[in-house]
Amino acid sequence: MPYIFYDTETSGLETAFDQILQFAAIKTDDELNELDHFNVRIRLLPHVVPSPRALMVNRVTPEMLTDQTLPTHYEAIRQIRSKLLEWSPAIVIGYNSIAFDEELLRQAFFQTLQPAYLTNTEGNKRSDVMRMVHATCTYATGTLSVPVNEKGEPTFRLDQIAPANGYNFINAHEAMADVRATIYLARLIRERAPEVWASAHRNNSRNDVQNYIADQSMFTLTQYYFGKPYSWLVSECGQNPENKAEFAIFDLSYDPGNYLDLSSEQLLDIFNAKLKPIRRFRANAQPIIMPKDMVPPEVKALSISSEERSRRATVIKGASDFKRRVSEALALHYADREPSPYVEKQIYRGFPSTSDQRIMAEFHQVDWENRVPLIDQIDDTRLSELAWRLVYFEHPELLTSGKVKELRDWHAERVLAEGESVPWTTLNDATKEINTLLPEKPHGTDRLLEDLKAYYYSLGQGLH
């Protein structure tokens, strides 16, 4: 199966509220030989205030943000989708992409009225080279060199781990350069740790993971927290009925007999406890799962006999009522969450209806003046809100004066919000950040910082 390696450079780290400023991708064959490439830079959305630190890392100037020769966000995301569909089916893969870049890409599709889940539909699967690096460092120790940061701790940042393993990095934090560094690391793992490479591909879809753990009485799970690995010998013990991608696993260092009779509510408390005999993991996020005979030597379950481990796994496998209550507890974990008031945070609220999907498809096919009447036909309030924004960004002259005022007020509120905690970067946030950075003046950034300060000032003046 071919691969689509990709990377994004962004306006900040809030995946629901920041945006992609550059998207780069390379299609390879299954031997990782380059077949095609794609690269696009994107104009900044009017309501997005970019983080100064993000712009400094990516060396993005105000002129690059507002360059009228660049495609608008809507135009660029349409180009990206078209290219990915042209290259599909494939394994869509990046570096830390499942946690970050893919969320940005899903938001970009969602906010431009397109199906959000392209990376795991249309025959595609998804993968993440950072997960492979983590697995390699745990299960093929010594295969990769892991650099340390200024605190003396291991770091898995792409711009540091790729050079530590022989990659000659040019223009780190430029999307296409990062794609090529990611391919380099993938080749190293494929060549030096073939068992890890194979296991990663076994775990790159929910169905594959589900089938694997269903066949295993016990297996090894590794998760990384703050750059450090934690591993357990476990047995599967439940699946969230509200989210089929979420599973529970039982740590076999604990005796299941102490937990079999607990209620769903008591089991829910265990998920939130410091010591966790039962853990959650996502089967659709390429979990690091390996066979039981590859368990790392420090795993606590190895302190008990193999006979006792087998007995505990057998007990779990046959405890159908216990598994049912664990599954109920998984669902309860999210039951009391209040829905977000922000449409961007409602992306996972549900799928659009068949009727709304038809209207969304038609929206992209007709002229802009014919898109406005379509918006009133959309039932999903999330989609209609986003549709009005698209017309406001692209062709505000097609809107009534009342609608323009409504959306301009929303635009100003997004940028100028003060005195409240909001989950996006405001102009006030960016100004404070600039004033913090100016005295430091990191090497080579004096001019960029001054230009950014002027840019943020003009941004505020234009909305007051």
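Glu-246 has Arg-282 of strand S9 as its bridge partner. Five bridges join strand S8 (residues 246–251) to S9, and the two run antiparallel. Two strands pair if DSSP finds at least two bridges between them. Strands (E, at least two residues) and helices (H or I, at least four) are DSSP runs, numbered from the N terminus.

This is a predicted model, in which local features need pLDDT of at least 70, side-chain atom pairs count only at pLDDT 80 or more, and totals for chains, interfaces and linings use all residues. Residues are numbered from 1 along each chain as its sequence is written, and side-chain values use heavy atoms, leaving out hydrogens and water.

**Two sheets**

S8 and S9 belong to an open sheet of five strands, in the order S9-S8-S7-S6-S10, with antiparallel pairing. Strand S9 (278–282) and strand S10 (288–291) each have a single partner strand, so one side of each is left without a neighbour in the sheet. The twist averages 45° from one strand to the next.

Another open sheet has five strands in the order S3-S2-S1-S4-S5, and its pairing is mixed. Its edge strands are S3 (34–41) and S5 (125–128), each pairing on one side only. Here the twist averages 20° from one strand to the next. Strand S1 (residues 3–10) and strand S4 (residues 91–94) run parallel, joined by three bridges. Phe-5 has Ile-93 of S4 as its bridge partner.

**Helices on the sheets**

Contact means heavy atoms within 4.5 Å. Axes are lines fitted to C-alpha atoms, for helices over the stretch in contact, and angles run from 0 to 180 degrees between N-to-C directions.

| Helix | Strands | Angle |
|---|---|---|
| H5 (residues 129–139) | S1, S4 and S5 | about 50° to S5 |
| H7 (residues 175–192) | S1, S2, S3 and S4 | about 40° with S2 |
| H5 | S6, S7 and S10 | about 115° to S6 |
| H9 (residues 206–215) | S6, S7, S8, S9 and S10 | about 35° to S10 |

**Helix against helix**

Two packed helices are described by the angle between their axes and the distance between the axes. The axes of H5 and helix H8 (residues 194–202) come within 10 Å and cross at roughly 135°. That makes H5 oblique to H8. Angles under 35 degrees count as roughly parallel, over 145 as roughly antiparallel, 65 to 115 as roughly perpendicular and the rest as oblique. On H5 the contact uses Met-132, Ala-135, Thr-136 and Tyr-139; on H8 it uses Val-196, Trp-197, Ala-200 and His-201.

H7 and H8 have axes that come within 5 Å and cross at roughly 115°. H7 is therefore roughly perpendicular to H8. The contact residues include Ile-189 and Arg-190 of H7, and Pro-194 and Trp-197 of H8.

**Backbone exceptions**

Most residues other than glycine have a negative phi, and most peptide bonds are trans. The bond from Ser-88 to Pro-89 is cis, with omega near 0°. Pro-89 lies in the loop between helix H3 (73–87) and S4.

Arg-59 has a positive phi, near 55°. Its place is the loop between helix H1 (52–58) and helix H2 (62–66). Gln-286 also has a positive phi, near 45°. Gln-286 sits in the loop between S9 and S10.

Buried means under 20% relative accessible area, exposed over 50%, and partly exposed in between (1.4 Å probe, protein chains only). Gln-286 is buried, at 3%. Arg-59, at 46%, counts as partly exposed.
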